[in-house]
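The sequence and the structure come first.

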Amino acid sequence: MEQQYESNFYIAAMQSISSLGAATIRDLVEKFGNPYEAWCALQNRKNLTKILGIPSTKYRQIEKEATDERLRTIYKALKNWHIEYITYLDVLFPGHLQEIYNPPAVIFVRGNVSLLDDETMKIAMVGARKCSDYGRNVAIVSGGARGIDSHSHEGALAANGQVIVVMGCGLDIVYPPENKRLFDAVLKNNGLLVSEYPPGTPPSGVHFPARNRIISGLSQIIIVVEAKASSGSLITADMAANEGREIYVVPGSILSTVAE
């Protein structure tokens, strides 16, 4: 097979294969020398036996997914939606994100890529999806779902702030659907949409914990507004604490049932 695309594009394509995680993609590139050769290696199951972490039960599915048609589909979607990709081999890949446990192999972005610069102070806000009026009024800045995340984005935009939204689906998909106007406003106001997932990837429950590590990885400070003890928000805060980030908590109302 002849190489048709820029080398690092093949990392973006590997991210679309369901059985490959970020660590495995990095291992493949290291083992076979460059992203293009790693992609080619996926088309022969004998090569896959050389990579730890790929179970033999997945070989056939990987071979089936690593096709020229998949490359064309992803490339076309990136162009149609004005989505860029930044891999861990690119100089634009944020240094802070490289430092986290299991850093992504690639991030897909729409909007103001300069916000990813490590010199730009980034504050993440996380909290309950079903937040109280109290929590809604103190939310200022954050990262993408219903509740505190959305209200923090709205607050930042109202103050002419810049916003990064980290999503748990492809950037060609609006999730939650009621946030279309909000995401459009983020892009219009020089903000940025970020995802680890290539175009066409639907939202999934397993994506959001993985997304949270990117939120904490990009940010120097994490602010928790309202969160239950078992919530993803506290998981994000715990990740951030382990990575040496600063954690702040907005005191919860004693009358609230959405914060513990």
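## Backbone features in loops

Asn 102 is partly exposed, because its relative accessibility of 32% lies between the limits of 20% and 50%. The model is predicted, and in it Asn 102 has a positive phi of about 50° although the residue is not a glycine. Asn 102 sits in the loop that runs between α7 (95-98) and β2 (106-111).

His 82 is another non-glycine residue with a positive phi, here near 55°. Its place is the loop between α6 and β1 (84-87). With a relative accessible area of 64%, His 82 is exposed, since the limit for that class is over 50%. A further loop, between β4 (164-167) and α10 (180-188), holds Pro 176. The peptide bond that leads from Tyr 175 to Pro 176 is cis, and its omega is near 0°.

Ser 114 belongs to the loop between β2 and β3 (123-126). Its relative accessibility is 48%, so Ser 114 counts as partly exposed. Ser 114 and Leu 92 are 22 residues apart in sequence, and their C-alpha atoms are 8.8 Å apart in space.

## Overall make-up

The secondary structure of the chain consists of 12 helices and seven strands. The chain has 260 residues, and buried residues make up 50% of them. Of the contacts between residues at least 6 apart in sequence, 66% join residues at least 24 apart.

## Nonpolar cores

In soluble globular proteins, nonpolar side chains tend to be buried together. In this chain the largest nonpolar core has 43 residues. Ile 11, Met 14, Leu 20, Trp 39 and Leu 42 are the residues with the most contacts inside this core. Helix α1 (residues 9-14) gives the largest share of the core, six residues. A second, separate core has 19 residues, among them Val 109, Leu 192, Val 194 and Ala 240.

What does Leu 20 touch, leaving out residues up to four places away in sequence? Its contacts are Met 14, Ile 25, Leu 28, Leu 42, Ile 54 and Ile 62. Two of these partners, Ile 25 and Leu 28, are also buried residues of helix α2.

## Helix α2

Helix α2 covers residues 22-32, and its buried residues include Ala 22, Thr 24 and Ile 25. Arg 26, Leu 28 and Val 29 are buried in α2 as well. The buried residues of this helix pack against α1, α3 (35-41), α7 and α11. Just after α2 comes Gly 33, which takes a positive phi of about 100°.

## Aromatic pairs

The structure holds eight aromatic pairs. A pair of aromatic rings is described by the distance of the centres and the angle of the planes. For the pair of Phe 9 and Tyr 75, the centres are 5.7 Å apart and the angle between the planes is 90°. This pair is edge-to-face, because its angle is over 60 degrees. The pair links distant parts of the chain: Phe 9 is in helix α1 and Tyr 75 in helix α6, 66 residues apart.

Are the two partners buried or exposed? Phe 9 is buried, because its relative accessibility of 1% is under 20%. Tyr 75, at 37% relative accessibility, counts as partly exposed. Both belong to one aromatic cluster, formed by Tyr 5, Phe 9, Tyr 10, Tyr 36, Tyr 75 and Tyr 85.

## The largest pocket

The largest pocket has a volume of about 430 Å³. Its lining consists of 22 residues. Gln 15, Ser 16, Tyr 197, Pro 198 and Thr 201 are the lining residues that lie nearest the centre of the pocket.

Which elements give two or more residues to the lining of the largest pocket? They are α6 (68-80) and α11 (207-218). The largest share, four residues, comes from α6. By class, the lining has 10 nonpolar, nine polar and three charged residues.

Notes: Residues numbered from 1 in each chain as written. Predicted model: local features only at pLDDT ≥ 70, side-chain atom pairs only at ≥ 80, totals over all residues. Heavy atoms only, no water. Core = buried A, V, L, I, M, F, W, Y, C linked by side-chain atoms within 4.5 Å. Buried < 20%, exposed > 50% of the residue type's maximum accessible area, 1.4 Å probe, protein only. Contact = heavy atoms within 4.5 Å. 1 Å grid on protein atoms, 1.4 Å probe; cavity = no way out; pocket = protein on both sides within 12 Å on 5 of 7 lines; lining within 4 Å. Points joined across faces, edges and corners; volume = space filled by probe spheres on them. Nonpolar A, V, L, I, M, F, W, Y, C, P; charged D, E, K, R; others polar. Phe/Tyr/Trp six-rings, centres within 6.5 Å; stacked < 30°, edge-to-face > 60°.
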